[in-house]
Amino acid sequence: MLFDRLDKNPLKRTKQLYALNGDFLSVDIIAYTREEFLKALKNLSPTALDAISYGNVLYDDGFYKIDKEKFEELKRKGLRNGKYWMINSY
């Protein structure tokens with residue numbers, strides 16, 4: 001999840017989102033700001049890479065296109081997923 005209007009502290013931000021969920025869904029919530037998500041992609045974070053590769057977009061204000069372009073750029077540089085995400089030359 002990408003949120004720019006929540007608390008800047010990732011732990012507090014995640015706690016806020018879990019509170020919104022209540023007992024409704026059994027999910028793991030990881031909330032990024034846009035900047036954090038782009039940094040996570042650059043750093044080859046498995047969570048971010050899985051999200052962009054396998055996730056479903058529920059709402060987009062145009063940022064998904066930027067994410068997807070960064071992801072495709074990493075794939076052109078050799079990013080691949082076998083047992084884990086790796087890049088041949090970075």
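Me: Is K75 buried, exposed or partly exposed?

Reply: K75 is partly exposed, with a relative accessible area of 39%. Buried means under 20% relative accessible area, exposed means over 50%, and partly exposed lies in between (1.4 Å probe, protein chains only).

Me: What should I know about the model before reading on?

Reply: This is a predicted model: local features need pLDDT of at least 70, side-chain atom pairs count only at pLDDT 80 or more, and totals for chains, interfaces and linings use all residues. Residues are numbered from 1 along each chain as its sequence is written, and side-chain values use heavy atoms, leaving out hydrogens and water.

Me: How are two packed helices described?

Reply: By the angle between their axes and the distance between the axes. Axes are lines fitted to C-alpha atoms, for helices over the stretch in contact, and angles run from 0 to 180 degrees between N-to-C directions. Helices are DSSP runs (H or I, at least four residues), numbered from the N terminus. Here, helix α3 (residues 46–54) packs against helix α4 (residues 63–76) at an angle of about 110°, with the axes 10 Å apart. That makes α3 roughly perpendicular to α4. The label covers 65 to 115 degrees.

Me: Which residues make the contact?

Reply: Contact means heavy atoms within 4.5 Å. From α3 come L49, I52 and S53; from α4 come Y64, D67, K68, F71 and L74. The residues of this contact divide into 5 nonpolar, 1 polar and 2 charged. Ala, Val, Leu, Ile, Met, Phe, Trp, Tyr, Cys and Pro count as nonpolar; Asp, Glu, Lys and Arg count as charged; the others, Gly among them, are polar.

Me: How many salt bridges are there?

Reply: A salt bridge is a side-chain nitrogen of Lys or Arg within 4 Å of a carboxyl oxygen of Asp or Glu. By this rule the count is 3. One of them joins R34 and D61 (2.3 Å, N to O). R34 lies in helix α2 (residues 34–42) and D61 in the loop between α3 and α4, so the pair ties together parts that are 27 residues apart in sequence. R34 is partly exposed at 29%, and D61 is partly exposed at 46%.

Me: Which residue does K75 pair with?

Reply: K75 meets E72 in a salt bridge (3.4 Å, N to O). They sit 3 residues apart in helix α4, which means about one helical turn separates them. E72 is partly exposed, at 26%.

Me: Which residue does K77 pair with?

Reply: K77 pairs with E73 (3.6 Å, N to O). K77 is partly exposed at 39%, and E73 is partly exposed at 32%.

Methods: Helices (H or I, at least four residues) and strands (E, at least two) are DSSP runs, numbered from the N terminus. Angles under 35 degrees count as roughly parallel, over 145 as roughly antiparallel, 65 to 115 as roughly perpendicular and the rest as oblique.
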